[in-house]
Amino acid sequence: MSLPHAILTALLEKPSSGLELTRRFDKSIGYFWSATHQQIYRELGRLEEAGHIRALPAPVPVRGQKKEYEVLPAGRGELSDWVARSEDPKPMRSALLLRMRAAAIVGSAGLRAELERHLALHREQLDEYLAIEERDFPAERRRTEPDRLRHLVLRGGVDLERFWVEWLTAALAELAEPAEAG
């Protein structure tokens, strides 16, 4: 249910076309809520049908011109209602953790390389988040509630990446220890 809310949020930040939304998802919202190009376009149609958004009129009608969307009052209301609703956390799904569980049964060939690859990816993502924080959230830019909320979202990403870097480092160290026969 959150994809429409992610799109409403993005459109309230800045009216955009479907292509622009896809690019924005790749650069920001997609760090914590990913969606494909097709999912975004399908959801734009649903939001427009529901009366939550509308395509802005084109200055000059041109066939094949991309539509730019804006949020209508009903869409803003839906987003406000959603923000205020309670929602339980979702159980975590991790193919890597499942793969490790399976390796306990069928053997761990190739697992160490996969853990090292994940560690490198998490370190890279952490570096990217820290660069965004340094660039976009200096202390003087965290005075307003909207800026504080955006920064807190980024800090959540930073903390999650730090967790994975620490956990993967420890897992690799533990797996490097000689195993007892069993």
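**Helix α7, buried side**

I started with the buried residues of α7 in this predicted model. My list reads Asp147, His151, Leu154, Gly157, Val158, Glu161, Trp164, Val165, Leu168, Ala171 and Leu172. The spacing made me recall the helix rule: with 3.6 residues a turn, residues three or four places apart point the same way. Next I looked up what covers these buried residues, and found α5 (95-106) and α6 (111-136) among the elements that do.

**Helix α7, length**

I checked the span of α7, which runs over residues 145-176 and has 32 residues. From first C-alpha to last I get 46 Å, close to the 46 Å expected at 1.5 Å a residue.

**A patch that includes Val153**

Which residues make the nonpolar surface patch of about 310 Å²? I found Phe32, Trp33 and Val153. Val153 sits in α7. Its relative accessible area is 45%, so I logged Val153 as partly exposed.

**Whole chain**

I stepped back to the fold and noted seven helices and three strands. Along the sequence the order is α-β-α-α-β-β-α-α-α-α. The radius of gyration came out at 21 Å, well over the 16 Å from the globule rule for 182 residues, so the chain is more spread out than a compact globule. I also boxed the C-alpha atoms along the principal axes: roughly 75 × 40 × 35 Å.

**Burial, contacts, surface**

Of the 182 residues, 30% count as buried. For contacts between residues at least 6 apart in sequence, I noted that 55% join residues at least 24 apart.

How values were computed: Residues are numbered from 1 along each chain as its sequence is written. This is a predicted model: local features need pLDDT of at least 70, side-chain atom pairs count only at pLDDT 80 or more; totals for chains, interfaces and linings use all residues. Side-chain values use heavy atoms; hydrogens and water are left out. Helices (H or I, at least four residues) and strands (E, at least two) are DSSP runs, numbered from the N terminus. The expected span of a helix is 1.5 Å times one less than its number of residues. Buried means under 20% relative accessible area, exposed over 50%, partly exposed in between (1.4 Å probe, protein chains only). Contact means heavy atoms within 4.5 Å. Patches are made of residues with over 30% relative accessible area and no salt bridge: like charges are joined within 9 Å, nonpolar side chains (Val, Leu, Ile, Met, Phe, Trp, Tyr) within 5 Å. Accessible areas come from the Shrake-Rupley method with a 1.4 Å probe; for residues, only the protein chains shown count as cover. A salt bridge is a side-chain nitrogen of Lys or Arg within 4 Å of a carboxyl oxygen of Asp or Glu. The radius of gyration is taken over C-alpha atoms; the globule rule is 2.2 Å times the number of residues to the power 0.38.
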